[in-house]
Amino acid sequence: MKPLTIVSSRTSTGSLLEVAGDLDHSNAQQLRGAAVGAFLSAGLLLVVDLGALGFCDSSGITALIAVRNHAVAAGAAVVLVAVPETLRRLLHMTGLDQVFDIRDTFSLRTN
């Protein structure tokens with residue numbers, strides 16, 4: 001297991017969460033907490049960079065849904081970036097690829 005790390009930063013469009021390591025039942029709450037701590041308000045964007053994600057189980061997917069729900073409740077949008085192929089396949093099989101805005105890359109400027 002690779003330890004989960006989440007680096008949060010503000011950008012010109014909202015917030016960025018860079019998620020690395022393994023996202024599972026033992027640490028999914030960390031991702032939820034990072035979203036709660038992110039700067040979100042109406043019209044802003046929360047970018048979740050999953051390029052360094054090694055593993056994600058059903059608890060991790062549930063945490064991603066909770067992150068999205070939190071952002072939407074604040075009036076913000078969510079973009080998942082650099083989603084690993086295995087997770088992308090799971091999101092497609094569950095129909096969550098229709099719920100999330102999934103992109104290969106996303107350009108933003110940090111403040």
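Author: The count of salt bridges in this predicted model comes to 2. One of them joins Asp104 to Arg88, and the closest N and O atoms of this pair are 2.9 Å apart. Asp104 has a relative accessible area of 57% and is exposed, because exposed means over 50%. Arg88 has a relative accessibility of 24% and counts as partly exposed.

The other pair is Arg103 and Asp101, whose side chains meet in a salt bridge with an N to O distance of 2.8 Å. Arg103 is partly exposed, at a relative accessible area of 32%. Asp101 is partly exposed too, with a value of 31%.

Helix H1 can be described by its buried and exposed residues. In H1 (residues 28-37), the buried residues are Ala28, Leu31, Ala34 and Ala35. These residues lie on the same side of H1, because the arc they cover around the axis is only 120°. Gln29, Val36 and Gly37 are exposed, and they are carried by the face of H1 turned away from the buried side. The buried residues of H1 are covered by parts that include strand S1 (5-11), strand S2 (14-23) and helix H2 (58-73).

Definitions and conventions:
Residues numbered from 1 in each chain as written. Predicted model: local features only at pLDDT ≥ 70, side-chain atom pairs only at ≥ 80, totals over all residues. Heavy atoms only, no water. Buried < 20%, exposed > 50% of the residue type's maximum accessible area, 1.4 Å probe, protein only. Helix = DSSP H or I, 4+ residues; strand = E, 2+ residues; numbered from the N terminus. Arc of directions from axis to C-beta. Contact = heavy atoms within 4.5 Å. Salt bridge = Lys/Arg side-chain N within 4 Å of Asp/Glu carboxyl O.
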